[in-house]
Amino acid sequence: MTDEKHTPEQAEEELINSAFQELLDRYLASKHRKKVDIITKAFNFAKQAHKGVRRRSGEPYILHPIAVARIACCEIGLGSTSICAALLHDVGHSPFSHTLEDYFKLEKRDGEVKINKQLKEALSKCVDNDVY
């Protein structure tokens, strides 16, 4: 039996993927429609946008949006749109923000991306509940 050693990068990747899988498992156990594809798409986009970014604690930054999405799903009971909003809520601060509307085919009017009412309400609840 070989004792496989993981590099720090591999261990970090496993931590991130495990946190996301836990979020998906909780979502799939909910009463909401099972829109896993769009949630996974949002996660992959956010993960790429935050690649290499760390929090002051030293943990990978992407763990923060995953934690916010878990709160939206598990504690507030929101569905896929809100989970995606939570996963993407800090992407606007990244170099990838200019591609967000194209990636998700978001509506753009007067040069600004229009976020639907449900997304705004979900983000508002996260802020009101001191998620940050």
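Predicted model: local features only at pLDDT ≥ 70, side-chain atom pairs only at ≥ 80, totals over all residues.
Ground rules. Residues count from 1 along each chain as written, and side-chain values use heavy atoms, without hydrogens or water. Local features need pLDDT of at least 70 and side-chain atom pairs 80 or more, while totals for chains, interfaces and linings use all residues.

Start with H2, residues 36-49. Helices here are DSSP runs of H or I, at least four residues, numbered from the N terminus. At 1.5 Å a residue, taken times one less than the residue count, its 14 residues should span 20 Å, and the end C-alpha atoms are 20 Å apart, which agrees.

Which residues of H2 are buried? Ile 39, Ala 42, Phe 43, Phe 45, Ala 46 and Ala 49. Buried means under 20% relative accessible area, with a 1.4 Å probe and protein chains only. Down the axis of H2, they fall within an arc of 165°, judged by directions from the axis to the C-beta atoms, so they line one face. An α-helix has 3.6 residues a turn, so residues three or four places apart point the same way.

Now the core. The largest nonpolar core has 23 residues; members are buried Ala, Val, Leu, Ile, Met, Phe, Trp, Tyr or Cys, joined through side-chain atoms within 4.5 Å. Among those touching the most other members are Phe 20, Ile 39 and Phe 43. H1, H2, H3 and H4 each supply at least two residues. H2 gives the largest share, six.

Last, the second largest pocket. Its lining has 14 residues, with Glu 12, Glu 13, Ile 16, Lys 51 and Gly 52 nearest the centre. A pocket is an open set of points on a 1 Å grid over the protein atoms alone, where a 1.4 Å probe fits, with protein on both sides within 12 Å along at least five of seven lines; lining residues have an atom within 4 Å of a point. H1 supplies the largest share of that lining, four residues.

Methods. Buried < 20%, exposed > 50% of the residue type's maximum accessible area, 1.4 Å probe, protein only.
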